[in-house]
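Hello,

Here is the structure I promised to pass on to you. Have a look at it first, and then read on for what turned up in it.

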There are 2 protein chains.
Amino acid sequence: MATLGFIGLGIMGRPMAGHLLRAGHTVHVYDLLPEGVQALAAQGAVACTSPGDVARQSDVTFLMVPDSPDVEAALFGPEGVAAGAPKGSIVVDMSSISPVAERGFAGRLRAQGVEMLDAPVSGGPAGAEQATLSIMCGGDERVFAKVRPYFECMGKNINLVGGNGDGQVVKVANQIIVGITVAAVSEALLLASKAGVDPERARQALLGGAADSRILQLHGQRMIKRDFRPGFRLKHQQKDLNNALVTARSIAMALPVTAAVQELFNGAAAEHGGDIDHSALVTTLERLAKHTVA
Amino acid sequence: MATLGFIGLGIMGRPMAGHLLRAGHTVHVYDLLPEGVQALAAQGAVACTSPGDVARQSDVTFLMVPDSPDVEAALFGPEGVAAGAPKGSIVVDMSSISPVAERGFAGRLRAQGVEMLDAPVSGGPAGAEQATLSIMCGGDERVFAKVRPYFECMGKNINLVGGNGDGQVVKVANQIIVGITVAAVSEALLLASKAGVDPERARQALLGGAADSRILQLHGQRMIKRDFRPGFRLKHQQKDLNNALVTARSIAMALPVTAAVQELFNGAAAEHGGDIDHSALVTTLERLAKHTVA
């Protein structure tokens, strides 16, 4: 059994670290807030006082924190992972952050003899709890092979897609499709509804055809039932599309539809704040139609 | 066995009329071009000289023509369906046209004692040939029940979604989702590719997760393989999104993402014309990235 570390024990990290514990591994844990650390310690994890304290005692240290600045602080801040990680140890960032930032972090760790993988996930809190996350991994194949058994404790569809940062690139691609498809389903159901068609009958007729998607199945129903409890939070969708737009600009390409859809999410955030489900994008369009889907 | 009519014997109408013939029905056929009529007559159909000639001899007359003006000409032009159709007969428009126009046509036919259904389809030439079309039907429930056995000769997922024109509304909703999702998959794969990730590895990692869709499965592969043979023609996607935008304006609502995506299809048509597959939308974005997906 391995000696592991887990930094970031929020709604995602807590169940993920729990799966590693239950698989029999020793897990050193840290979070800025004490609740997560206490919950994991109660399950048998080793409570630590800083990211560096975790990394000093771990062969593989996982991170699951909100965004690029949080990863940077955990890695390179005072008492950070970089200050503690032994040569030859591995850092695995499972957060969803900027691919460009991630490549920079990997280079800085490599310079001190520490290997890095990026391994953002798709599947949300339900996927984290049921250990069914999709894991999109970037980094060295040999390092990936070492970490794969731990990924298998946490997820199902596990792919090495390229080198450092490339897992984040594919996660960004995932969020582009998810965000734009939420807008597509919103415009379609809203048109049907305002034109006088029962939106649930419309949704049923669209399932199984060329318009079918996970988003039509799940988010279409949320829009009709007006169930905007998260789910996937609007503020996280905004963060991911911001990463998409910043990345695109940095490599000199345009994402016109992603940009338009980000503005619709911004409109929904103006009304509801960022802690509502991202399917609430439909409410921005409802304002522009003076009509509600259901 | 019933006495049926079929007007419009193109790439869709020809196999659809063929299925009705092979089910044992008498089918009267007409097209502006003689080839389709000759092909169906060789299979046992009754060749007619005008839409009115078809309708005069048919209990149920099907139409499958390109757009609203073509339907209007076939119904109300010289020697049109309206001039021939007996009281109590049924006209079924399976073309994909403007919902607003369709409602007008249904009202004019009803005024002379002729029932109408709109029944646009999804599934393309392959669906027409294999009799697996999705059929989105608008009209009276009693009329739908009479026509349903003939629909079952041509398709599988057959839904009555509302009154006259509502089938067209749902078809427009279908095409909104299809068109926007083509743009979503284009932006995602292009970002991944230009950022240095193999687009096929990215596509594989995205399948089965929250970003999964029919469009990612089929059109994503077309984009990577550079196979832009139709398939579903760009000019038909443009027509359908035009119907979406005109309908939205007529009922006082905005479709900002549909509008943005239509402009991308317009860009692709500027380069390739309208007879290429609609997945060629990606080429407009490739111009804005100075990079090709595959």
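**What was found**

Domain 1 of chain A and domain 2 of chain A bury about 990 Å² between them, with 60% of that area on carbon and sulfur atoms. Please keep in mind as you read that this is a predicted model.

On the domain 1 side of chain A, the residues that lose the most area to domain 2 are A:Ser96, A:Pro99 and A:Met136, which together make up 40% of what that side buries. To find the two parts in your viewer, look at residues 3-164 of chain A for domain 1 and 169-289 for domain 2. Their centres, taken over C-alpha atoms, are separated by 29 Å. Domain 1 of chain A brings 14 residues to the contact, and domain 2 of chain A brings 11 residues.

Next, the two chains together. The size of an interface is often given as the accessible area lost when the parts come together. For chain B and chain A, the buried area is about 5,000 Å², and 69% of it lies on carbon and sulfur atoms. In chain B, B:Ile177, B:Glu187 and B:Leu191 lose the most area to chain A, together 14% of what that side buries. Counted by residues, 62 of chain B are in contact with 61 of chain A.

On the chain A side, A:Val170, A:Ala173, A:Asn174 and A:Ile177 of helix 9 meet B:Ala202, B:Ala205 and B:Leu206 of helix 10 of chain B. The residues of this contact divide into six nonpolar, one polar and no charged.

There is also a helix pair inside chain B. Helix 12 (residues 234-250) and helix 13 (residues 256-272) of chain B pack at an angle of about 155 degrees, their axes 10 Å apart. That angle makes helix 12 of chain B roughly antiparallel to helix 13 of chain B, and their crossing is left-handed. Among the contact residues are B:Leu234, B:Leu241 and B:Leu245 from helix 12 of chain B, and B:Val261, B:Phe265 and B:Ala269 from helix 13 of chain B. Taken together, the residues of this contact are nine nonpolar, six polar and no charged.

Enjoy exploring the model, and write back with any questions.

Best wishes

Methods: Residues numbered from 1 in each chain as written. Chains lettered and ligands numbered in written order. Predicted model: local features only at pLDDT ≥ 70, side-chain atom pairs only at ≥ 80, totals over all residues. Heavy atoms only, no water. Axes fitted to C-alpha atoms, helices over the stretch in contact; angles between N-to-C directions. Helix = DSSP H or I, 4+ residues; strand = E, 2+ residues; numbered from the N terminus. Parallel < 35°, antiparallel > 145°, perpendicular 65-115°, else oblique. Left-handed = near helix turned anticlockwise from the far one by under 90°. Contact = heavy atoms within 4.5 Å. Nonpolar A, V, L, I, M, F, W, Y, C, P; charged D, E, K, R; others polar. Domains from an automatic or database assignment. Buried area = accessible area lost by both parts, 1.4 Å probe.
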